[in-house]
Amino acid sequence: MRHIISLLLENEAGALSRVSGLFSARGYNIESLTVAPTEDPSLSRMTIVTSGSDDVIEQINKQLNKLIDVVKVVDLSEGTHIERELMLVKVRAAGKDREEMKRMSDIFRGRILDVTDKTYTIELTGTGAKLDAFIEALDKGAILETVRTGASGVGRGDRILKV
């Protein structure tokens with residue numbers, strides 16, 4: 001099962017390496033990883049998307065909590081949460097394809113960020129499933145380049161990851 005694990009860790013050199021090293025040393029896969037400083041410059045928030053059985057996820061959480069740099073760990077998948085991902089897609093947009101690409105962008109509530117005589121660069125945000133659906137809806141030959149951030153998430157309501 002897919003899990004989104006969010007953690008606060010000390011904003012210090014090597015902290016990211018120690019967390020990712022924990023995953024690789026135990027043979028766990030990281031599907032996506034995002035990390036950035038929080039409102040407190042001494043802390044960073046890391047969001048890791050991984051898959052595994054309940055036992056594997058429990059083991060990951062225990063190992064993460066043992067790391068000195070890690071302040072707090074929350075599995076967002078255990079409750080209601082909001083999840084978003086950003087994707088930039090550069091597509092062919094020449095001749096008759098221009099209007100079709102504009103229409104597809106509008107249908108998925110994307111924004112066209114860059115326009116040339118042959119290409120559009122489209123920005124989309126949403127769940128991973130929405131972004132996957134956009135890619136599937138396009139002709140494969142139309143896609144020139146794709147960049148995705150990976151998931152970021154936050155608990156809904158009173159669920160807060162804070163020290």
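Gly128, Leu131, Phe134 and Ile135 are the buried residues to look for in helix 4. Please keep in mind that this is a predicted model.

**Helix 4 and its surroundings**
- Seen down the axis of helix 4, the buried residues fall within an arc of 125°, so they line one face of the helix.
- On the face turned away from the buried side of helix 4, you will find the exposed residues Ala129 and Glu136.
- The cover over the buried residues of helix 4 includes strand 5 (81-92), helix 3, strand 7 (119-126) and strand 8 (143-148).

**The pair that involves helix 4**
- Phe134 also forms an aromatic pair with Phe108, edge-to-face, with 5.2 Å centre to centre and 80° between the planes.
- Phe108 lies in the loop between helix 3 (97-107) and strand 6 (111-115), while Phe134 belongs to helix 4 (residues 128-137), so the pair ties together parts that are 26 residues apart in sequence.
- Phe134 has a relative accessibility of 0% and counts as buried.
- Phe108, at 15% relative accessibility, counts as buried because the cut-off is under 20%.

**The pair of Phe23 and Tyr28**
- Phe23 and Tyr28 form an edge-to-face aromatic pair, with 6.3 Å centre to centre and 80° between the planes.
- Phe23 is buried, with a relative accessible area of 1%.

Methods
Residues numbered from 1 in each chain as written. Predicted model: local features only at pLDDT ≥ 70, side-chain atom pairs only at ≥ 80, totals over all residues. Heavy atoms only, no water. Phe/Tyr/Trp six-rings, centres within 6.5 Å; stacked < 30°, edge-to-face > 60°. Buried < 20%, exposed > 50% of the residue type's maximum accessible area, 1.4 Å probe, protein only. Helix = DSSP H or I, 4+ residues; strand = E, 2+ residues; numbered from the N terminus. Arc of directions from axis to C-beta. Contact = heavy atoms within 4.5 Å.
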